[in-house]
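User: I would like to learn how to read the features of a model such as this one, taking the general idea before each case.

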Amino acid sequence: MSVNVAHKFGSGLKPQAFMDTMSKNKEAFAGWYQAFSWPSEEERQFFASLRHRDDLRCLILAADWCGDVVRNVPVLFRALEETEMPVEVLVMEEHLDLMDQFLTMGGRAIPIAIFADTGGHVLGKWGPRPQHVQAVMVAFKQQNPDRSAPDYEEKIKLARAEMLEKYGEGTGYQAVIVKELKELLSSI
């Protein structure tokens, strides 16, 4: 990726500040954060092994009103805490210039975790949701390209319900995110 994000370093919120200043979904976010547990000691060790990588930074585009942020960012926070990597949250509405460089299928979807080196060169990204959940939205967009179709809203509600089903009842989806992050970080 040829995007450079160095100009955004220092302009976001630290994870705890983001959690403290949430005005929506604060309790649900805290619940998912507290519910996190490592799928295995091997996974935790992998993230801990990144502590020596002082060349990595993470910027997370997010907003407290978004259901995917409420579910997924607590997992990002907990996994990345183990790395001791600098992490900042950029509230989407305050950073639309950056958001528009990381569109998902042409639209603004959050959260997006952007991994960069100390020079701001983007090395990889994750988001907005686990791949098996995102697959539902990909299929929906392919089958419903016309947002002005009379049944679009009805169909997107069904797609969102299916995505919620894919997340599941408990915290199982968190292990999927940890696995996807591990694969991404292993490649950079």
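User: How many salt bridges does the structure hold?

Analyst: A word on the source comes before the count. This is a predicted model, in which local features need pLDDT of at least 70 and side-chain atom pairs count only at pLDDT 80 or more, while totals for chains, interfaces and linings use all residues. Residues are numbered from 1 along each chain as its sequence is written, and side-chain values use heavy atoms, with hydrogens and water left out. A salt bridge is a side-chain nitrogen of Lys or Arg within 4 Å of a carboxyl oxygen of Asp or Glu, and the structure holds 12 of them. One of these pairs Glu42 with Lys182, whose closest N and O atoms are 3.3 Å apart. Because Glu42 lies in helix α3 (residues 41–48) and Lys182 in helix α8, this pair ties together parts that are 140 residues apart in sequence. Helices here are DSSP runs of H or I with at least four residues, strands are runs of E with at least two, and both are numbered from the N terminus.

User: Which of the two, Glu42 or Lys182, is buried and which is exposed?

Analyst: Buried means under 20% relative accessible area, exposed means over 50%, and partly exposed is in between, with a 1.4 Å probe and protein chains only. Glu42 is exposed at 56% relative accessible area, whereas Lys182, at 19%, counts as buried.

User: Where do the partners Arg44 and Glu82 lie in the chain?

Analyst: Arg44 forms a salt bridge with Glu82, with 2.5 Å between the closest N and O atoms. The pair links distant parts of the chain, since Arg44 is in helix α3 and Glu82 is in the loop between α4 and β2, 38 residues apart. Arg44 counts as partly exposed at 21% relative accessibility, and Glu82 counts as buried at 14%. Both residues belong to a network of salt bridges that links Glu41, Arg44, Arg51, Glu82 and Glu84.

User: What separates Lys179 and Glu183 along helix α8?

Analyst: An α-helix has 3.6 residues a turn, so residues three or four places apart point the same way. Lys179 and Glu183 are 4 residues apart in helix α8, a separation of about one helical turn, and their salt bridge brings the closest N and O atoms to 2.9 Å. Lys179 is partly exposed at 48% relative accessible area, as is Glu183 at 44%.

User: What span should the 15 residues of α8 have?

Analyst: The expected span of a helix is 1.5 Å times one less than its number of residues. For α8 this should give 21 Å, and the end C-alpha atoms are 22 Å apart, which agrees.

User: Which charged residue is buried yet has no salt bridge?

Analyst: For charge, Lys and Arg count as positive and Asp and Glu as negative, while His and the chain ends are not counted. The residue is Arg71, and its nearest side chain of opposite charge, Asp68, is 6.5 Å away. Arg71 lies in helix α4 (residues 67–81). Contact means heavy atoms within 4.5 Å, and, leaving aside neighbours within four places in sequence, Arg71 is in contact with Trp32, Leu164, Tyr167, Gly168 and Tyr173.

User: What is the order of the strands in the sheet?

Analyst: Strands of a sheet pair through backbone hydrogen bonds, either parallel or antiparallel. Two strands count as paired if DSSP finds at least two bridges between them. Here an open sheet of 4 strands has the order β2-β1-β3-β4, with mixed pairing. The edges are β2 (87–91) and β4 (122–126), each with a single partner strand, so one side of each is left without a neighbour in the sheet. Strand β1 (residues 56–62) runs parallel to β2 and is joined to it by 5 bridges, and Cys58 has Val87 in β2 as its bridge partner.

User: Which peptide bonds are cis?

Analyst: Among them is the bond joining Ile110 and Pro111, with omega of about 5°, and Pro111 is found in the loop between α5 (96–99) and β3. The bond from Gly127 to Pro128 is also cis, with omega near 5°, and Pro128 lies in the loop between β4 and α6 (131–143).
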